[in-house]
Amino acid sequence: MEHPGFFRRMGPFALGDMLRTCEAELTTPDLADRLVHDIRPLAEAGPEHLAFFENRKYVDQLKETRAGACFLAPQFVDRLPPGVAALVTRTPYRSYALALARFYPEAAHPRAAECSASETIGGVHASAEIEDGAVIEPGAVVGREARIGRGSVIAAGAVIGYRVCVGRNSFVGPGAVLTHALVGDGVIVHAGVKVGQDGFGFAMGPGGHLKVPQIGRVIIQDKVEIGANSTVDRGALKDTVIGEGTKIDNLVQIGHNVMIGRHCVIVGQTGISGSVTIEDYVVMGGQSGAVGHIRIGKGAQIAGGCHAKNDVPPGAKMGGTPARPFREWAREVAAVRQLGLRHRGRTED
């Protein structure tokens with residue numbers, strides 16, 4: 001059965017009506033009555049969808065989009081395919097945020113469990129589906145229409161939010177909070193983990209920073225382990241995904257739209273910015289990081305304290321900040337050490 005989703009969508013809206021609330025101009029006024037039913041990324045949008053373009057990295061997707069309309073800056077209008085309505089604005093991200101707020105007015109302030117105390121028995125909502133053999137410890141909250149599989153344990157003080165699904169033989173530790181998430185079988189979520197909160201999205205400008213609603217989900221596949229007090233943001237439009245068998249240490253931050261492959265290892269205090277793609281079998285050492293919108297190739301190793309700002313090839317071993325091939329970085333460290341020793345009048349064998 002297809003999951004019903006976590007957010008209520010309004011609309012459809014005519015493009016002419018959207019202009020008034022989204023601070024944009026329509027270059028083809030004859031399309032003012034065209035209806036848009038939802039907002040999607042450039043690569044996934046169809047004729048009934050609204051998209052936006054701001055990051056030049058995705059200009060190839062702009063040229064091929066099938067969206068019904070797109071927010072974009074004036075200089076990129078000629079890159080749009082025929083038939084796509086151009087919603088011209090000097091602040092496409094801000095216009096996109098305003099449009100999201102129109103379609104999903106509740107997304108900026110979602111309710112974790114979607115229920116009142118009077119609708120629950122021992123913290124479990126009457127509509128929740130709890131399979132035989134699942135254990136709900138005292139003080140845990142299981143929200144409206146949530147599902148918990150056989151053999152799973154929801155520890156004291158944990159929160160399983162509205163429509164969240166937890167598979168079989170999984171463990172959700174004390175004080176952990178899961179919202180806007182679908183969790184597989186055999187997953188371990190340690191104490192204090194927060195999954196499915198807002199991604200860090202703001203349309204910044206001189207007049208203030210406009211909050212961008214985040215309407216995606218978090219997908220946690222089978223046999224994933226997430227260490228204590230780590231956080232996993234839900235996606236903005238797409239999902240944040242953690243692949244099968246991946247192991248995540250304590251105090252790790254995973255931003256919105258991040259895609260992590262299978263059997264990766266991510267060590268404590270690592271920070272992964274939004275829209276990073278990490279392929280299978282990647283290892284990221286403690287206090288490492290990645291800037292947004294890059295890809296780390298299959299089997300790559302990122303040393304502790306290393307921070308990648310560009311794509312990392314498959315199988316590469318990287319060190320330093322910014323990240324560079326490990327041997328190159330090690331030689332630089334050794335050379336700097338030699339310079340320091342010489343400055344003090346010493347040499348090293």
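This is a predicted model: local features need pLDDT of at least 70, side-chain atom pairs count only at pLDDT 80 or more; totals for chains, interfaces and linings use all residues.
Colleague: Which element gives the largest share of the largest nonpolar core?
Modeller: The largest nonpolar core has 84 residues, and Leu50, Ile160, Leu178 and Ile296 have the most contacts inside it. Elements that give two or more residues to this core include α1 (15-22), β6 (69-72) and α3 (92-103). The largest share, six residues, comes from α3.

Colleague: How far apart are the end C-alpha atoms of α3?
Modeller: Among the buried residues of α3 are Tyr96, Leu100 and Phe103. The helix has twelve residues, and at 1.5 Å a residue it should span 16 Å. The separation in the model agrees with this: the end C-alpha atoms of α3 are apart by 16 Å.

Colleague: How many residues has the second, separate core?
Modeller: This core includes Cys70, Leu80, Val84 and Val88. Its number of residues is 15.

Colleague: Which strands stand at the edges of the open sheet of eleven strands?
Modeller: The order of the open sheet is β11-β14-β17-β20-β25-β28-β31-β34-β37-β39-β40, and its pairing is mixed. Two strands each have a single partner strand, so one side of each is left without a neighbour in the sheet. These edge strands are β11 (135-136) and β40 (324-325).

Colleague: What is the bridge partner of valine 265 in β34?
Modeller: Strand β31 covers residues 265-266 and strand β34 covers residues 283-284. The two pair in the parallel sense over two bridges. In β34, the partner of valine 265 is valine 283.

Colleague: Is arginine 234 buried or exposed?
Modeller: Arginine 234 forms a salt bridge with aspartate 198, with the closest N and O atoms 2.7 Å apart. Arginine 234 lies in the loop between β26 (231-233) and β27, and aspartate 198 in the loop between β21 (194-197) and β22 (202-205), so the pair ties together parts that are 36 residues apart in sequence. Aspartate 198 is partly exposed at 22% relative accessible area. For arginine 234 the relative accessible area is 1%, under the 20% cut-off, so this residue counts as buried.

Colleague: How many residues apart are glutamate 131 and arginine 168?
Modeller: These two form a salt bridge with closest N and O atoms 2.8 Å apart. Glutamate 131 is partly exposed at 32% relative accessible area, and arginine 168 is also partly exposed, at 33%. Glutamate 131 is in the loop between β10 (129-130) and β11, arginine 168 in the loop between β16 and β17 (171-172). The pair links distant parts of the chain, and the separation in residues is 37.

Note on methods
Residues are numbered from 1 along each chain as its sequence is written. Side-chain values use heavy atoms; hydrogens and water are left out. A nonpolar core is a set of buried Ala, Val, Leu, Ile, Met, Phe, Trp, Tyr and Cys residues joined through side-chain atoms within 4.5 Å. Buried means under 20% relative accessible area, exposed over 50%, partly exposed in between (1.4 Å probe, protein chains only). Helices (H or I, at least four residues) and strands (E, at least two) are DSSP runs, numbered from the N terminus. The expected span of a helix is 1.5 Å times one less than its number of residues. Two strands pair if DSSP finds at least two bridges between them. A salt bridge is a side-chain nitrogen of Lys or Arg within 4 Å of a carboxyl oxygen of Asp or Glu.
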